[in-house]
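Please read it alongside the sequence and coordinates shown here.

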Amino acid sequence: MIFALDVGNTNIVLGVFGDDYQLLHSWRIATDNTKTEDELYVIIRNFFIDENISFEDFKGVVISSVVPKMMFSLKLLSKKYFKKEPIIVSTGINTGIKVPAPYSSKLGADRVVDIVGANVSNYLPAIVVDFGTATTFDCVDNNMNYRGGIICPGINISAEALYNRAAKLPRVELEATATSLGMDTTTQIQAGLFYGFLGQFENIVMNLKKELGESYKVVLTGGLSKFIAKYSSLVDVVDEDLTLKGIIELYKLNK
């Protein structure tokens, strides 16, 4: 089996793949860059116990991370408990993505795995949108040429900013409101978040398609992808396992 870790700023997705590279199990935990390799081991061991999995069952480990402060613990986790030298996702390994110079070393690991996941899923050409801590848009053609992208603040970041920076504004849950005319503070914030981010998403996609061409599929992944897709007609595919698909494909390419 292969163990994959997709480390984002908010959550870490853990994936167990069989020898045929099919996803068998996955779990999501909160990202905490203060955790040691031993603390991570305890968390993962408890997941493994439930599924009757042993650390000795694994023949490889692959890590994609956008949290540099966690890399020391993650590498130690792999070496100490899995007894494996991990493959670390970066533009320095074989990805198949063609990024024009001088930007070829600038693409983040999260963007790399999304693009590779879209390729192996036969979604290209695509505008890949990942709703994570940040909302990212990556545009890739049929031949894996990277055409560019966009980074926006994530929905939850904006909601927290309102709560933290405006003394009288409450923390609210993101909800689709039936009307844009909120009648109290809570419903007005919810309307602003919902219509604001839905409009941002659709306006960006429409502008990207004007530059790229209408043949590009709009592929969504990340925590809020299903929520956005429910209210937008511009979405072609929602794939919550896209990042894990990309990570395991990168393992296959670089093992």
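## Sheets and helix packing

Five strands make an open sheet in the order β8-β7-β6-β9-β10, and the pairing is mixed. Its edge strands are β8 (146-153) and β10 (237-238), each of which pairs on one side only. Helix α5 (residues 185-212) packs on this sheet and touches β6, β7 (134-140), β8 and β9, with a direction about 165° from that of β8. The model is a predicted one, in which local features need pLDDT of at least 70, side-chain atom pairs count only at pLDDT 80 or more, and totals for chains, interfaces and linings use all residues. Residues are numbered from 1 along each chain as its sequence is written, and side-chain values use heavy atoms, with hydrogens and water left out.

Some terms apply throughout. Helices (H or I, at least four residues) and strands (E, at least two) are DSSP runs, numbered from the N terminus. Two strands pair if DSSP finds at least two bridges between them. Contact means heavy atoms within 4.5 Å. Axes are lines fitted to C-alpha atoms, for helices over the stretch in contact, and angles run from 0 to 180 degrees between N-to-C directions.

Within the sheet, β6 (residues 126-131) and β9 (residues 217-222) are parallel and share six bridges. Ala-126 has Lys-217 of β9 as its bridge partner.

A further open sheet of five strands has the order β3-β2-β1-β4-β5, again with mixed pairing. Its edges are β3 (23-30) and β5; each has a single partner strand, so one side of each is left without a neighbour in the sheet. Strands β1 (residues 2-7) and β2 (residues 11-17) run antiparallel and are joined by six bridges. Helix α1 lies across β1, β2 and β3, at about 140° to β3. Helix α2 (residues 71-82) lies across β1, β4 and β5 and runs at about 170° to β4.

Helix α5 has 28 residues and reaches 40 Å from its first C-alpha to its last, close to the 40 Å expected at 1.5 Å a residue; the expected span is 1.5 Å times one less than the number of residues. Gly-213, which follows α5, has a positive phi near 115°.

## Aromatic rings

The whole structure holds 20 aromatic pairs, where rings of Phe, Tyr and Trp (its six-membered ring) pair if their centres lie within 6.5 Å, and planes under 30 degrees apart count as stacked, over 60 as edge-to-face and the rest as tilted. Tyr-41 and Tyr-81 are stacked, because their ring centres are 3.9 Å apart and their planes meet at 10°. Tyr-41 is in helix α1 and Tyr-81 in helix α2, so the pair ties together parts that are 40 residues apart in sequence. Tyr-81 is buried, at 18% relative accessible area; buried means under 20%, exposed over 50%, and partly exposed in between (1.4 Å probe, protein chains only).

One aromatic cluster is made up of Phe-3, Trp-27, Tyr-41, Phe-47, Phe-48, Phe-55, Phe-58, Tyr-81 and Phe-82.

Elsewhere, Arg-171 lies over the face of Tyr-163, at 4.0 Å from the ring centre. The criterion is NZ of Lys or CZ of Arg within 6 Å of the ring centre and within 35 degrees of the ring normal.

## Backbone exceptions

Most residues other than glycine have a negative phi, and most peptide bonds are trans. The table lists exceptions.

| Site | Value |
|---|---|
| Ala-101 to Pro-102, cis | omega about 5° |
| Leu-124 to Pro-125, cis | omega near 0° |
| Asn-52, positive phi | phi about 55° |
| Asn-122, positive phi | phi about 65° |

Pro-102 is in the loop between β5 (87-88) and α3 (109-120). The loop between α3 and β6 contains Pro-125 and also Asn-122. Asn-122 is exposed, with a relative accessible area of 63%. Asn-52 is in the loop between α1 (37-50) and β4 (60-65), and at 72% relative accessibility Asn-52 is likewise exposed.
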